[in-house]
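Please look over the sequence and the model first.

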Amino acid sequence: MKEIIAVIRPNMYFPTRDALHEAGIFSMNSQMVYGRGKNVHVGMELNVDTGEGLEVEEYPLLAKRQMNIVVRDTDVKKVIDTIIKTNQTGISGDGKIFVLPVEKTYRIRTGETDDNALM
C-alpha cells in the first residue's frame, strides 16, 4: 500500500476529485494548506532614507489544496497519471506529488486490515 500526497492549486480540487472518481478512486482526505515551491519572487523596495531602490526577495506562502490518498500498490500509477493529466498546465505552481509507503491499515468499525480495509 502507498499513500499519495498531492499538493495542487485550490481551484483544481474538484476537477481532480472528479477525475479520480471516474478512475475508480473514491477514498481520500483533503485540506487547505499554505506553502511555496522553489521559485523566489524578486521585487523592488524603496529605501525611505536614501530614496534608492533595493532589490528584495519575497517568500509568500500560497494557498494550495493537499489531497491524501491511500491505495493498493496496483493503483498507484493510475492515481498519479490521473492527477498529472488533470493538473499539468506547464506553468509554475502546478503542484507536487509524493508517494510514501504505508505499513498497515485498519478499519476501526470491522477490524479489517490492509487491502481489505481500503475497499
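Which side chain of opposite charge is nearest to lysine 64, and how many Å away is it?

## Lysine 64

The model is a predicted one. In it, the nearest side chain of opposite charge to lysine 64 is that of aspartate 94, 7.4 Å away. A salt bridge needs a nitrogen and a carboxyl oxygen within 4 Å. Lysine 64 has no salt bridge, yet it is buried.

Lysine 64 belongs to strand E5, which covers residues 62-71. Apart from neighbours within four places in sequence, lysine 64 is in contact with Val7, Ile8, Arg9 and Pro10, with Gln31, Met32 and Val33, and with Gly93.

## The chain as a whole

The protein chain has three helices and six strands. Read from the N terminus, the elements follow the pattern β-α-β-β-β-β-α-β-α. The chain has 119 residues, of which 29% count as buried. When contacts between residues at least 6 apart in sequence are taken, 72% of them join residues at least 24 apart.

## The sheet

Strands of a sheet pair through backbone hydrogen bonds, in a parallel or an antiparallel sense. Here, four strands form an open sheet in the order E2-E5-E1-E6, and the pairing is antiparallel. Strand E2 (29-35) and strand E6 (96-101) are the edge strands, each pairing on one side only. From one strand to the next, the twist averages 25°.

Strand E1, residues 2-8, pairs with E6 in the antiparallel sense over six bridges. Within this pairing, valine 7 has lysine 96 of E6 as its bridge partner.

## Helices on the sheet

Helix H1 (residues 13-22) packs on the sheet and touches E1, E2 and E5; the directions of H1 and E5 make an angle of about 15°. Helix H2 (residues 76-87) also packs on the sheet, where it touches E1, E5 and E6. The direction of H2 makes about 5° with that of E1.

## The buried face of H1

Which residues of H1 are buried? They are Tyr13, Thr16, Ala19 and Leu20. Seen down the axis of H1, these buried residues fall within an arc of 135°, so they line one face of the helix. An α-helix has 3.6 residues a turn, so residues three or four places apart point the same way.

The buried residues of H1 pack against strands E1, E2 and E5, and against helix H2. After H1 comes glycine 24, which has a positive phi, near 90°.

Conventions
Residues numbered from 1 in each chain as written. Predicted model: local features only at pLDDT ≥ 70, side-chain atom pairs only at ≥ 80, totals over all residues. Heavy atoms only, no water. Helix = DSSP H or I, 4+ residues; strand = E, 2+ residues; numbered from the N terminus. Buried < 20%, exposed > 50% of the residue type's maximum accessible area, 1.4 Å probe, protein only. Lys, Arg positive; Asp, Glu negative; His and termini not counted. Contact = heavy atoms within 4.5 Å. Pairing = 2+ DSSP bridges. Axes fitted to C-alpha atoms, helices over the stretch in contact; angles between N-to-C directions. Arc of directions from axis to C-beta.
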